[in-house]
Each structure stands twice: as structure tokens, then as C-alpha cells.
Amino acid sequence: MKTTLKELLVVVGIILVSTMPYFHDVITAKAVGVRPWIPQVGLQELLTNSNGRVAGFSSYRVFLYNLFIHLFAHIGFLGWMMDAKGKYYRIALLVPVILSGYTISIFLLNAKVTDYNDTSTKFYITIAATIGVFVYYFLDRRNKLNSEKSKQLNEGASGDF
């Protein structure tokens with residue numbers, strides 16, 4: 001019974017995540033703004049600056065669309081990373097997880113028009129994350145090889161007595 005409920009929740013979760021790019025259509029309507037039945041929690045006003053731009057985007061609808069598209073990708077990469085336990089490429093998935101998380105942070109912190117959103121900044125983050133992944137991968141691989149060698153040496157030495 002628990003397995004069936006868990007599988008059902010996974011299926012529903014996958015369906016909800018796959019429809020994220022369309023949530024902006026549910027929350028807002030073209031030329032209307034936020035739909036009347038959506039509770040007003042003040043998020044749109046909080047993110048709107050004096051020029052009427054919402055977190056650097058032309059409207060709340062465009063902001064939501066971009067946010068949900070990037071959340072969709074971020075959740076997908078996180079899910080793939082969680083599913084890749086024990087796979088050699090799992091650590092490499094950290095690079096897109098970091099980049100998509102960084103982009104979402106830029107949107108939510110209204111830093112779209114700052115240096116944090118410059119191409120060079122994102123490029124440096126990508127390079128740093130990639131180098132970090134390579135260093136971790138090779139150090140981890142070397143440690144695993146060394147532990148296997150010492151294990152084999154220990155097994156060989158114990159068999160001599």
C-alpha cells in the first residue's frame with residue numbers, strides 16, 4: 001500500500017512539474033493581470049519597481065513565465081541528480097543545478113539588471129563549478145582506487161599467515 005501511494009505521488013509530482021511552464025496562464029490572463037480568484041498575497045506589488053516592471057520583466061505574467069520555466073529545469077536537474085545515485089556522472093549534474101538555481105535567485109532577488117546577471121558573471125560561475133566538479137571527480141576517483149589497492153594489499157597480506 002505504501003509503495004502504491006509513493007508511486008502515485010511521484011507520478012502526480014512529475015505531471016505537476018511538467019506543467020509548470022503553463023502555470024502563468026492559470027495565475028494570470030493576457031491584458032487582465034492576476035485572475036480574480038487567485039488570492040492576493042502582495043507578491044506582485046513587492047516585486048514591482050517604480051517603473052512598473054516586475055523584477056525586471058515587463059509584466060507579472062512574463063516574470064511568472066520565466067520563473068516557472070527555470071524552476072521546471074531546476075527541478076528536473078535536481079530530480080535527475082537524485083535519481084543518479086551511484087552513477088559516475090552524478091557529480092556533473094551539479095553544474096546545471098548550480099546554474100539554474102543561480103538564475104532563479106537572480107529573478108527572485110530582482111537582480112536582473114545588475115552585474116550578477118552579466119554574461120561574464122555567469123560564465124565565471126560555470127567555469128568555477130565545472131573546475132570544482134572535475135577536481136572532486138578526480139580526487140574521489142583517486143581515493144577509490146587507492147582504497148581498492150590497499151584493500152587488495154591487506155587481503156593478500158592476511159592470506160600469507
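Ala55 is located in the loop that joins H3 and H4. The model is a predicted one, and Ala55 has a positive phi of about 50 degrees although the residue is not a glycine. With a relative accessibility of 0%, Ala55 counts as buried, because the cut-off for that class is under 20%.

**Backbone with positive phi**

- Most residues other than glycine have a negative phi.
- Asn110 counts as partly exposed, at 32% relative accessibility, whereas Ala55 counts as buried at 0%.

**Helix H4 and His74**

- H4 comprises 24 residues, and the distance from its first C-alpha to its last is 34 Å, close to the 34 Å expected at 1.5 Å a residue.
- The buried residues in H4 are Tyr60, Arg61, Phe63, Leu64, Asn66, Leu67, Phe68, His74 and Met81.
- The cover over these buried residues includes helix H2 (23-27), strand S1 (28-29), strand S2 (33-34), helix H3 (43-47) and H5.
- Which residues does His74 touch, not counting residues up to four places away in sequence? They are Val97, Ser100, Gly101 and Ile104.
- His74 belongs to H4, which runs over residues 60-83, and its relative accessibility of 15% is under the 20% cut-off, so His74 counts as buried.
- A polar atom of the His74 side chain lies 3.3 Å from the backbone nitrogen of Gly101.

**Helix H5**

- H5 covers residues 94-108, and its 15 residues should span 21 Å at 1.5 Å a residue; the end C-alpha atoms are 21 Å apart, which agrees.
- Buried in H5 are Val95, Val97, Ser100, Gly101, Tyr102, Thr103, Ile104, Ile106 and Phe107.
- An α-helix has 3.6 residues a turn, so residues three or four places apart point the same way.

**Arg90, between H4 and H5**

- Arg90 is placed in the loop between H4 and H5 and is partly exposed, with a relative accessible area of 28%.
- Leaving aside neighbours within four places in sequence, Arg90 is in contact with Met81, Met82, Ala84 and Lys85.
- From C-alpha to C-alpha, Arg90 and Lys30 are 41 Å apart in space, with a separation of 60 residues in sequence.

**Lys122, in helix H6**

- Lys122 has its place in helix H6 and counts as partly exposed at 30% relative accessibility.
- When residues up to four places away in sequence are not counted, Lys122 touches Leu99, Tyr102 and Asn117.
- The C-alpha atoms of Lys122 and Thr103 are separated by 8.9 Å, although the two residues are 19 residues apart along the chain.

**The largest pocket**

- Rolling a probe the size of a water molecule over the atoms shows where empty space is left.
- The volume of the largest pocket is about 320 Å³.
- Its lining is made up of 13 residues, and those nearest the pocket centre are Lys87, Tyr88, Tyr137, Asp140 and Lys144.
- Helix H6 (residues 119-158) provides the largest share of the lining, with seven residues.
- By class, the lining has six nonpolar, six charged and one polar residue.

Terms used: Residues numbered from 1 in each chain as written. Predicted model: local features only at pLDDT ≥ 70, side-chain atom pairs only at ≥ 80, totals over all residues. Heavy atoms only, no water. Helix = DSSP H or I, 4+ residues; strand = E, 2+ residues; numbered from the N terminus. Buried < 20%, exposed > 50% of the residue type's maximum accessible area, 1.4 Å probe, protein only. Polar contact = N/O pair within 3.5 Å; in protein donor to acceptor, adjacent residues only side chain to side chain. Contact = heavy atoms within 4.5 Å. 1 Å grid on protein atoms, 1.4 Å probe; cavity = no way out; pocket = protein on both sides within 12 Å on 5 of 7 lines; lining within 4 Å. Points joined across faces, edges and corners; volume = space filled by probe spheres on them. Nonpolar A, V, L, I, M, F, W, Y, C, P; charged D, E, K, R; others polar. Expected span 1.5 Å × (residues − 1).
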